Number of protein chains: 2
Amino acid sequence: MRRVTIKDVAAQAGVTDMTVSRVVNASGPVSEKVRLRVEAAINDLGYIPNQLARGLRLKRTNTLALVVSDVTNPFFTTVARGVEDAASDAGNLVLLCNTDESEKEELRYVEMLAQQRVDGMLLVPARSGQAAHDLVNRLGMPMVVIDRHVRLREQSVVRCDSYGGAASMAKHLFDLGHRHFCIVAGPTGMTTSDDRIAGFVNALDGLDVKVHVLHGGYLPESGSEMVTRAVALEPRPTALFASNNFLTIGALQGLNALGIKVPEEITLTGFDDLPPSLVTAPFLTVVDQPAYQMGRQAVELLLKQLDTPDFQPTEIVLPTELIVRKSSAPPAD
Amino acid sequence: MRRVTIKDVAAQAGVTDMTVSRVVNASGPVSEKVRLRVEAAINDLGYIPNQLARGLRLKRTNTLALVVSDVTNPFFTTVARGVEDAASDAGNLVLLCNTDESEKEELRYVEMLAQQRVDGMLLVPARSGQAAHDLVNRLGMPMVVIDRHVRLREQSVVRCDSYGGAASMAKHLFDLGHRHFCIVAGPTGMTTSDDRIAGFVNALDGLDVKVHVLHGGYLPESGSEMVTRAVALEPRPTALFASNNFLTIGALQGLNALGIKVPEEITLTGFDDLPPSLVTAPFLTVVDQPAYQMGRQAVELLLKQLDTPDFQPTEIVLPTELIVRKSSAPPAD
DNA sequence: TTGTAGGCGTTATCAT
DNA sequence: ATGATAACGCCTACAA
């Protein structure tokens with residue numbers, strides 16, 4: 001059950017492999033007559049070009065890698081869809097990797113991907129992402145960072161205005177009359193989370209308000225856990241701001257479990273919206289980011305980088321949108 | 001900026017490439033002294049084995065492909081996570097492809113994946129999936145079909161008991177007192193959908209009930225659209241059963257838009273649960289399938305198939321679970 | 001324990 | 001317009 005090679009096709013068509021190669025890739029002059037014969041042979045034999053051999057020769061695999069913390073998070077799911085669509089449009093395949101925020105996993109994947117000679121990498125850095133970033137750079141692998149960025153490193157990034165988005169949320173809540181806030185955040189060190197905290201806090205700078213910041217994990221359970229700490233603060237904050245979608249959902253679950261009504265007893269807001277296809281009754285006031293577009297643009301940037309020598313690292317910052325819904329209301333008093 | 005090859009390492013360590021190969025793959029005897037020298041050279045030079053060359057020689061790429069209709073559907077998102085985890089555990093990478101239920105796209109991907117010489121394929125067939133299945137078979141590519149299956153073809157499948165799951169739902173609704181049902185289904189031809197309809201209908205066979213079946217697309221909008229048709233039926237059905245998660249959500253959105261209260265005015269149920277991390281207040285009565293496990297087991301089956309000559313097509317049918325929640329209640333009357 | 005020869009399936013380059 | 005040659009980087013088989 002040997003695979004059909006270019007030589008088999010050549011023999012069948014009575015030419016050499018080079019001629020077949022020219023036909024397959026339209027990479028050189030071939031007489032009409034010969035071309036037809038070769039095409040017939042290709043169909044007869046069911047020839048499938050071997051991209052391994054091709055890649056070995058051309059140093060190009062038409063394969064990109066997407067490394068995220070967890071596809072299961074709808075934000076990343078949507079990013080992944082954008083990435084796959086844009087890659088597919090350009091004839092590229094996408095390898096998907098989940099790190100679960102582990103820098104060790106991240107490094108392991110980068111190494112595997114380097115071995116696979118992927119053409120480029122789309123990376124959502126796990127935590128600080130320094131080590132992975134340095135490795136990728138040392139290997140000279142083209143890369144575009146998505147969502148978060150890596151501090152103190154030159155890099156191409158496609159991200160959102162986390163700072164401004166959080167600031168707009170802070171203003172919204174302040175305008176509603178809130179003066180005592182609690183930010184439910186993930187681990188420190190992620191630039192998005194840090195930016196969101198900074199944006200929120202600085203927007204309220206100079207005003208007579210109190211802002212607590214709680215740090216925890218990045219999964220819903222952690223949101224639930226932090227929210228029980230938040231409502232135990234004295235005096236109890238009247239408005240909560242969670243720094244990502246999983247934390248927001250976890251916070252809401254936690255409040256439900258505690259029997260605390262949103263927004264009657266407390267206001268809950270967050271970063272990241274949920275896709276309309278997942279929500280029957282949109283309820284949460286959130287800062288939304290264009291996840292799908294982030295994925296698409298990251299790929300476009302990466303591909304441009306691939307065939308531009310001396311490409312300069314580029315930063316693309318997409319705008320966020322404040323979506324006001326039922327979960328935010330004036331404080332009860 | 002040439003890449004370091006095995007020969008560079010060999011030269012640096014004062015041995016031949018074969019010896020380096022033996023060290024890298026632990027594939028033959030190497031004296032302690034030489035091994036240390038080679039390892040030092042590998043580190044010095046930052047050698048990264050080229051999997052293209054390796055794959056070309058070994059005819060093995062350690063890469064699997066997952067072809068689904070849309071990762072954005074939480075069912076497939078979860079399957080994808082299971083696939084990636086299991087593949088990663090075995091040192092494999094996963095290529096992700098979205099077909100959007102297009103058989104043309106499906107074929108295009110299968111062809112690209114064959115060119116990449118992936119070791120095997122995990123396929124959720126688009127619609128009937130016949131053409132893709134035949135192509136994969138003709139190419140002799142190992143494959144495991146997930147979720148749906150391809151009619152009249154021998155194949156390895158990991159799927160759920162759609163028939164039994166739907167039957168248990170029918171019984172649940174009948175026991176609540178419902179006698180007039182409407183099934184909100186996707187396009188015909190998908191085995192899951194067809195099985196769910198059959199399971200539901202047959203479970204009520206011989207009983208004095210009425211069951212309407214509506215067919216449409218597979219996205220939420222279609223669920224909304226069908227539900228407006230459903231509630232216009234005379235007499236209006238008292239219980240709805242949607243054949244997948246997107247249709248269920250769409251149906252609920254549609255009912256909300258029409259101002260029809262669930263479950264007070266109508267009972268709404270569906271197939272597929274939503275991950276707990278996405279839902280704050282679980283509400284829908286559903287038949288749940290173990291999506292993550294399906295992904296994992298599919299990979300395990302595929303890997304077993306890879307290194308078992310004459311592997312016999314195997315079918316794994318996982319049980320479903322009826323989860324009764326607030327959206328189902330006795331008919332109003 | 002280590003090395004030599006050859007080939008995996010392509011394509012760039014140069015020649016005819 | 002077509003062909004011969006060599007190389008991409010690695011590993012199997014065999015020899016030393």
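By class, the surface near DNA strand C is made of 13 nonpolar, nine polar and five charged residues. Here Ala, Val, Leu, Ile, Met, Phe, Trp, Tyr, Cys and Pro count as nonpolar, Asp, Glu, Lys and Arg as charged, and the others, Gly among them, as polar.

Before going on, note that this is a predicted model, in which local features need pLDDT of at least 70 and side-chain atom pairs count only at pLDDT 80 or more, while totals for chains, interfaces and linings use all residues. Residues are numbered from 1 along each chain as its sequence is written, and chains are lettered from A and ligands numbered from 1 in the order in which they are written.

**Stop 1: the DNA strands**

Select DNA strand C and the residues around it. There are 27 of them, and the closest are I6(A), S21(A), N50(A), A53(A) and P29(B). A residue is near a molecule or strand if its C-beta atom, placed from the backbone, lies within 6 Å of it. The elements that give two or more residues to this surface are α2 (17-25) and α4 (51-58) of chain A together with α2 (17-25) and α4 (51-58) of chain B. Helices (H or I, at least four residues) and strands (E, at least two) are DSSP runs, numbered from the N terminus.

**Stop 2: where the chains meet**

Colour the two chains separately. In all, 42 residues of chain B are in contact with 41 residues of chain A; two residues are in contact if their C-beta atoms, placed from the backbone, lie within 7 Å. On the chain B side, α4, α5 (74-89), β2 (93-98), α6 (103-115) and α11 (245-258) each supply at least two residues. Which element of chain B gives the most to this side? It is α5(B), with six residues. The side of chain B that touches chain A divides into 23 nonpolar, 15 polar and four charged residues.

**Stop 3: a helix pair in chain A**

Select α1 (residues 6-13) and α3 (residues 32-45) of chain A. Their axes come within 9 Å and cross at roughly 125°. Axes are lines fitted to C-alpha atoms, for helices over the stretch in contact, and angles run from 0 to 180 degrees between N-to-C directions. α1(A) and α3(A) are therefore oblique to each other: angles under 35 degrees count as roughly parallel, over 145 as roughly antiparallel, 65 to 115 as roughly perpendicular and the rest as oblique. The contact involves D8(A), V9(A), Q12(A) and A13(A) of α1(A), and R37(A), V38(A), A41(A), I42(A), D44(A) and L45(A) of α3(A). By class, this contact has six nonpolar, one polar and three charged residues.

**Stop 4: the sheet of chain A**

Show the strands of chain A. Six of them form an open sheet in the order β7-β6-β8-β9-β10-β12, with mixed pairing. Two strands pair if DSSP finds at least two bridges between them. β7 (210-215) and β12 of chain A stand at the edges with a single partner strand each, so one side of each has no neighbour in the sheet. The twist averages 15° from one strand to the next.

Zoom in on β9 (residues 267-271) and β10 (residues 285-288) of chain A, which pair in the parallel sense over three bridges. G270(A) stands opposite V286(A) in β10(A). On to β12 (residues 321-323) of chain A: three bridges join this strand to β10(A), and the two run antiparallel. Here V287(A) stands opposite L322(A), and V286(A) stands opposite I323(A).

**Stop 5: chain B**

Select the strands of chain B. They include an open, mixed sheet of six strands in the order β7-β6-β8-β9-β10-β12. Four bridges join β8 (residues 239-242) to β9 (residues 267-271) of chain B, and these strands run parallel. The bridge partner of F241(B) in β9(B) is T269(B).

Finish with α10 (residues 220-231) of chain B. This helix lies across β6, β7 and β8 of chain B, at about 155° to β6(B). The axes of α10(B) and α11(B) come within 6 Å and cross at roughly 55°.
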